[in-house]
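Please read them with the sequence and structure open.

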Amino acid sequence: MLEPKIKFENVVKNFKTSSGDNHILGNLSFDIFAEEFVCVLGPSGCGKSTILSLIAGLLKPSSGKVIFNSKLVERPDSSRTLVFQEYALFPWLNILDNVAFGLTTKNHGKEKPQKKAMEYLNLVGLSEYKNYPVNQVSGGMRQRVALARALAVEPEVLLLDEPFGALDQQTRENMQNELLRLWMKTKKTVIFVTHSVDEALKLADRILVIGGKPGKLLFDATVAVSRPRDLKDSHLINIRNQILDNLTHPDFFMGSDI
Ligand SMILES: Nc1ncnc2c1ncn2[C@@H]1O[C@H](COP(=O)(O)OP(=O)(O)OP(=O)(O)O)[C@@H](O)[C@H]1O
Ligand SMILES: [Mg+2]
């Protein structure tokens, strides 16, 4: 049987606060397989970023197991890179040095970090801008730099936390197409957090809908529709309705901004 790339086994996550334990994730179990593009959808505060941090190894579960390649996740490593909700770039470095930054700590054989960084800047279409300071380029370009930086360490799993949330509609659509192109080319396992049902329907092989307090898996939808997708496709409309039914279920509704 095919081993999952990532496995959540009865994962519970509580945060201690001054007013007691805050129960964020309650008994979450799911499998993600190699090369899958999975979107995680759910209202603000349901624990989506927490799920990514658990996979990245930045947080540990309160109970249960997070497993990667059949081993317990115990710490961060470059096989799983996270692109944060904010761009998290170094404003004092230029574009090329931002991408090369993570590479200076990893042994890439004879290949120089800057050469590797250029390869990935090329991939996201930014090689001409390599000397620009990041604080002098647009949000869409910064997001490409963040993507190039995450890809340049050649991770097995790419964790993306609402990467396009701050972009205008046109730039967002361009970036979605760009990401799909990169994914088809590199065949990483991608876990992509979003608030947007339509973004998930456009991108994902599978959509995990999280909701409730503590957060549970409300719905696990397989999206077997070829790309590029038309959101008016009857199969996608059907999945969309099922997702919305789950998100607005009275037991789980949290005042979502979806
Ligand atoms: N380190 C922490 N300590 C205490 N509470 C935390 C910590 N990290 C997250 N939380 C709380 O856990 C809950 C879930 O947070 P998380 O960031 O995972 O939500 P989210 O689904 O990503 O929300 P959003 O869509 O707004 O980004 C929130 O109530 C948050 O305040
Ligand atoms: Mg978040």
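1. Two strands are said to pair here if DSSP finds at least two bridges between them. The model is a predicted one, and the points below should be read with that in mind. In general, strands of a sheet pair through backbone hydrogen bonds, in either the parallel or the antiparallel sense.

2. β4, residues 63-68, and β5 meet that criterion with two bridges and are antiparallel. Ile67 has Leu72 of β5 as its bridge partner, and Phe68 has Lys71 of β5. The two strands form a hairpin with two residues between them, where Asn69 takes a positive phi near 50 degrees.

3. One position to look at is Val12, whose bridge partner in β4 is Ser63.

4. Which strands pair with β9? β3 (residues 37-41) is joined to β9 by four bridges, and the two run parallel; Cys39 stands opposite Ile207 of β9. β10 is joined to β9 by six bridges, and here the strands run antiparallel. Ile210 has Leu217 of β10 as its bridge partner.

5. β9 and β10 also form a hairpin, with four residues between the strands. In the turn, Gly212 has a positive phi of about 90 degrees. Strand β9, residues 206-211, is mostly covered, with five of its six residues buried.

6. How do helices α3 and α4 pack, and at what angle? α3 (residues 113-123) and α4 (residues 139-152) pack at about 130 degrees, and their axes are 9 Å apart. The two helices are therefore oblique to each other, since an angle counts as roughly perpendicular from 65 to 115 degrees and as roughly antiparallel over 145. Their crossing is right-handed. From α3 the contact takes Lys116, Ala117, Tyr120, Leu121 and Leu123, and from α4 it takes Ala148, Leu151 and Ala152. By class, the residues of this contact are seven nonpolar, no polar and one charged.

7. Is Asp230 buried or exposed? Asp230 lies in the loop between β10 (216-222) and α7 (234-247). It has 8 C-beta neighbours inside 10 Å and so counts as exposed, the cut-off for that class being 12 or fewer. Relative to Ala117, Asp230 is 113 residues away in sequence and 34 Å away in space, C-alpha to C-alpha. Ala117 is one of the α3 residues in the contact with α4.

Terms used:
Residues are numbered from 1 along each chain as its sequence is written. Chains are lettered from A and ligands numbered from 1 in the order in which they are written. This is a predicted model: local features need pLDDT of at least 70, side-chain atom pairs count only at pLDDT 80 or more; totals for chains, interfaces and linings use all residues. Axes are lines fitted to C-alpha atoms, for helices over the stretch in contact, and angles run from 0 to 180 degrees between N-to-C directions. Angles under 35 degrees count as roughly parallel, over 145 as roughly antiparallel, 65 to 115 as roughly perpendicular and the rest as oblique. A crossing is left-handed if the near helix is turned anticlockwise from the far one by less than a right angle, and right-handed if clockwise. Two residues are in contact if their C-beta atoms, placed from the backbone, lie within 7 Å. Ala, Val, Leu, Ile, Met, Phe, Trp, Tyr, Cys and Pro count as nonpolar, Asp, Glu, Lys and Arg as charged, and the others, Gly among them, as polar. A residue is buried if 20 or more other C-beta atoms lie within 10 Å of its own, exposed if 12 or fewer, and partly exposed in between; C-beta atoms are placed from the backbone.
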